[in-house]
Amino acid sequence: MAAVGVVSGKIIYEQEGVYIHSSCGKTNDQDSLISGILRVLEKDAEVIVDWRPLDDALDSSSILYAGKDSSSVVEWTQAPKERGHRGSEHLNSYEAEWDMVNTVPSKKKPHTNGDAPSHRNGKSKWSFLFSLTDLKSIKQNKEGMGWSYLVFCLKDDVVLPALHFHQGDSKLLIDCLEKYVVLYKSPQDKRTLLVNCQNKSLSQSFENLLDEPAYGLIQKIKKDPYTATMVGFSKVTNYIFDSLRGSDPSTHQRPPSEMADFLSDAIPGLKINQQEEPGFEVITRIDLGERPVVQRREPVSLEEWTKNIDSEGRILNVDNMKQMIFRGGLSHALRKQAWKFLLGYFPWDSTKEERTQLQKQKTDEYFRMKLQWKSVSEEQEKRNSRLRDYRSLIEKDVNRTDRTNKFYEGQDNPGLILLHDILMTYCMYDFDLGYVQGMSDLLSPLLYVMENEVDAFWCFASYMDQMHQNFEEQMQGMKTQLIQLSTLLRLLDSGFCSYLESQDSGYLYFCFRWLLIRFKREFSFLDILRLWEVMWTELPCKNFHLLLCCAILESEKQQIMEKHYGFNEILKHINELSMKIDVEDVLCKAEAISLQMVKCKELPQAVCEILGLQDSEVTTPDSDTGEDENVGMTGSPTSTFQSDSLPVLATSGTRDDNPTQISVSPNVSRLTPA
């Protein structure tokens, strides 16, 4: 039932200029138009729709607004009393023309703490609020008939006053409500939207495939392995088994090999058995020697970074800086600067002035692309199925983000809005690739660190240059990585590989999600920031992320083999590792594996190619030993450990704040990119 009362909660939608026309029969009667504010709020797991006249005004002292700094950065800051003065200043900047495509409106914004104020003087007879669970239907105006309006009808047949949207239209409100309820057109009246209160996102999730016949389920896995992977292998596998078994006891003995065939078919052309795959050498058992255990240092501090910058803003001794980042990561205060270099947005040898000019250029380029999709009308989008599909996928993924990342709490906060807008703009930047599920996982940490859409976009575009093949339709990048991972794992532990094959898990499909979005869902949010910045140094070798996979699998080998896990149990176990992996431990093990391999004198050629080892630097059964071991070292764009010293190896995986350096003979093989 609609009611007037005190309400507080987290604001997820807010719109000014929403009027009640109290005397529709009168004309030119300003008193008949009651201006108000419409909000949708979350409170105690309940969603509330609340309309208040402006007389019940709220305290705006803590409202967020979107302002621009000198580089057109959208920021989230408290609204100061002198905001009007600041606004006049930034309108004079060269980016003022882009205000019209700002993602966050410049008028009323949600409260900083996400809470709506409590109304103490809700005396107006027109004020109302209701729970979304009480909503029965929404009636809309005819298109082209004046202001957009909505009429809410509740389940007890109470019809609330029509709300007229004098500033903008009602589409954003409908979009907001659709995140909580399913709205569908009434068969009797297309202007009326009926309400189904089931959770829409859940109804569209992969879990509901359980209700389909087995064949349909398998076809969906083959058609969209990305979705299957994102949901979680344990659920996918259990649902497949349950669906195949049905109620017939005789089908309960269906062999796992049949399931393995179904899953491996999801990536056509993927063959893991190198002994049968043309072009791959047979990897026999090789003694890799003793594996060292390495130490890590503390994160690079702002002071250390500043000491390596000259008077014009150039980064000095880039190789040494990369080694420091690889060994310890970055302090959080430094990430906003350093990530732009690590991702290639800023050239390492650029001056401060050059970077300022680059940002101006990139700002203009970004907003022009953004304006392209912003200016597409609904009619145009109806005729562009690809753009329509991209938008639909982005909205679904962005809607998921707020449930997995504290930075994006709430349904319509600035972070989520910018996440959506950056991904839509990327579709303009690379329309052929467009948007594929999983890209939002790669963007969200970048936006969190950069705190502005322009820099976040260009860092994301640079990251996607590295990750592009993962999201291509033919999945060639994913096929290649799975084959390479199998090659490395077989060299490290052929017995474990044989066990996985005996359980129809030799194709390593359970690592698909790790590779697709670079472990984004396996580590905590802060740990993934550390892991990514270490990987972006491109040290100590090419494809270091594959060695990270090996390090994780080695850690789980004992449990998998001792407990005799089968196909289903392996998938379930790997999936449940999410958020339980120690990032520092994995980095230590992966680096130790790389050092173990570089010392091996009989490293197979396939492994050398995967890790980017120069042929002349490693003695293999097929190579000569008398060639110059330094061939290929000069001119390498990202040399690895090219200094004459390496951190001393320790007997434990603990940090070493002051690592001792030991000399390395020129004859010691080094890992360098191909």
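Strand β1 (residues 10-21) pairs with strand β9 (residues 163-165) in the antiparallel sense, over 2 bridges. Pairing here requires that DSSP find at least two bridges between the strands. Helices (H or I, at least four residues) and strands (E, at least two) are DSSP runs, numbered from the N terminus. Within this pair, Val18 has Phe165 in β9 as its bridge partner.

Before I continue, a word on the source. This is a predicted model, in which local features need pLDDT of at least 70 and side-chain atom pairs count only at pLDDT 80 or more, while totals for chains, interfaces and linings use all residues. Residues are numbered from 1 along each chain as its sequence is written, and side-chain values use heavy atoms, with hydrogens and water left out.

Let me turn to the whole sheet. Its 9 strands form an open sheet with antiparallel pairing, in the order β6-β3-β2-β1-β9-β8-β7-β11-β10. At the edges stand β6 (128-131) and β10 (182-185), each of which pairs on one side only. On average, neighbouring strands of this sheet are turned by 30° against each other, direction ignored.

Strand β7 (residues 135-140) runs antiparallel to strand β8 (residues 148-154), and 5 bridges join the two. In that pairing, Lys139 has Val151 in β8 as its bridge partner.

Where does Ser170 lie? Ser170 is placed in the loop between β9 and α2 (171-177). Its relative accessible area is 7%, so Ser170 is buried, the cut-offs being under 20% for buried, over 50% for exposed and partly exposed in between, with a 1.4 Å probe and protein chains only. Not counting residues up to four places away in sequence, Ser170 touches Ser148, Leu150 and Phe165, where contact means heavy atoms within 4.5 Å.

Finally, the helix pair. The axes of helix α13 (residues 385-401) and helix α14 (residues 414-429) come within 10 Å and cross at roughly 150°. That makes α13 roughly antiparallel to α14, since angles over 145 degrees count as roughly antiparallel, under 35 as roughly parallel, 65 to 115 as roughly perpendicular and the rest as oblique. Among the residues in contact are Leu387, Tyr390 and Ile394 in α13, and Leu416, Leu419 and Leu423 in α14. By class, this contact has 10 nonpolar, 2 polar and 2 charged residues; Ala, Val, Leu, Ile, Met, Phe, Trp, Tyr, Cys and Pro count as nonpolar, Asp, Glu, Lys and Arg as charged, and the others, Gly among them, as polar.

Technical notes
Axes fitted to C-alpha atoms, helices over the stretch in contact; angles between N-to-C directions.
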